[in-house]
Amino acid sequence: MADVAVRTGRQRAVLGWATLGVLLLTAVLCSFLLAPDAFATAPPIPGSPLDAYDKRVPYDVGAHKIARLAALIAYVLMVATVVLGVILRLRFLQRAVNRATFYGAHMTLALSAMIFGGIHGLTFLYQPVWRIGWTRLALPFTGGVQRIPVGLGILGTELAVAVACSVWLQRRLGYHRWLRVHQLAYVSFALIWLHIFLVHPEPRHLNLVSVGVATGAGTILLAFLIRALPSRSRLRRRAFPGGTGVVE
């Protein structure tokens, strides 16, 4: 029963932090949505077409559209990847579709998300106003334009790649250690979400993109809570490790 009490304490702590995160996220969103004119007199967004015009630097509209589309696709694929990862832990859904199918879909979506994320980053090599080379694209927080938001995106993407590559080290690390590394995917998503939220004002205003970004963040938060909070069957196994008369 001591293990159950410890687990319950962790459950309350996770729920408390998650609630605090939701409140902070709501406060930030409301602060921007309730004051949409705050950016009316602001200077041009660094790296935007207007910024390039002011600096007399060419701007490739085609590369901009490719970057935006690749970012949206990568975001949707990231959300789907995390959701399928949680489904892999839910037994009752595996009765309809076997685990191997879910695992294959999970890996395919993860690889696709990283590919489109890479395409998104590579397009900025062709935007002179961003002044990003291969070194700044690989090393977080070394760029000159929007250094912090762009650095968060680079760091989140590289962390996602490291999490994906850890699959090949699962046997050496052991399952439980590997699982802790794999759970850094939530941190990766948080960094990428901050990148999306800070790099451009579009997600901070009420529009289709902001609704999609917020919905994706809410879905990931729900998936995290489902994964972090223990199910009744797991609590029973801890309370009765020998399986004495407990039927799941």
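Trainee: How much of this chain is buried?
Mentor: In this predicted model, 30% of the chain's 248 residues count as buried (under 20% relative accessible area; exposed is over 50% and partly exposed in between, with a 1.4 Å probe and protein chains only). Local features here need pLDDT of at least 70 and side-chain atom pairs 80 or more, while totals for chains, interfaces and linings use all residues. Numbering runs from 1 along each chain as its sequence is written, and side-chain values use heavy atoms, leaving out hydrogens and water.

Trainee: And how many helices and strands?
Mentor: Eleven helices and zero strands, so going by DSSP runs (H or I of at least four residues for helices, E of at least two for strands, numbered from the N terminus).

Trainee: Where's Ile115, and why is it called partly exposed?
Mentor: Ile115 lies in helix 4. Its relative accessibility is 44%, which is why it counts as partly exposed.

Trainee: New topic: how many cavities of 30 Å³ or more turn up?
Mentor: One, in a search of the whole structure. A cavity is a set of points on a 1 Å grid over the protein atoms alone where a 1.4 Å probe fits but cannot get out. The largest cavity holds about 30 Å³, taken as the space filled by probe spheres on points joined across faces, edges and corners.

Trainee: Which residues line the largest cavity?
Mentor: Tyr59, Ala63, His64, Ala67, Thr123, Phe124 and Gln127, each with an atom within 4 Å of a point. Helix 3, residues 61-87, gives the most, with three residues.

How values were computed
On a 1 Å grid over the protein atoms alone, a cavity is a set of points where a 1.4 Å probe fits but cannot get out, and a pocket is an open set with protein on both sides within 12 Å along at least five of seven lines; lining residues have an atom within 4 Å of a point.
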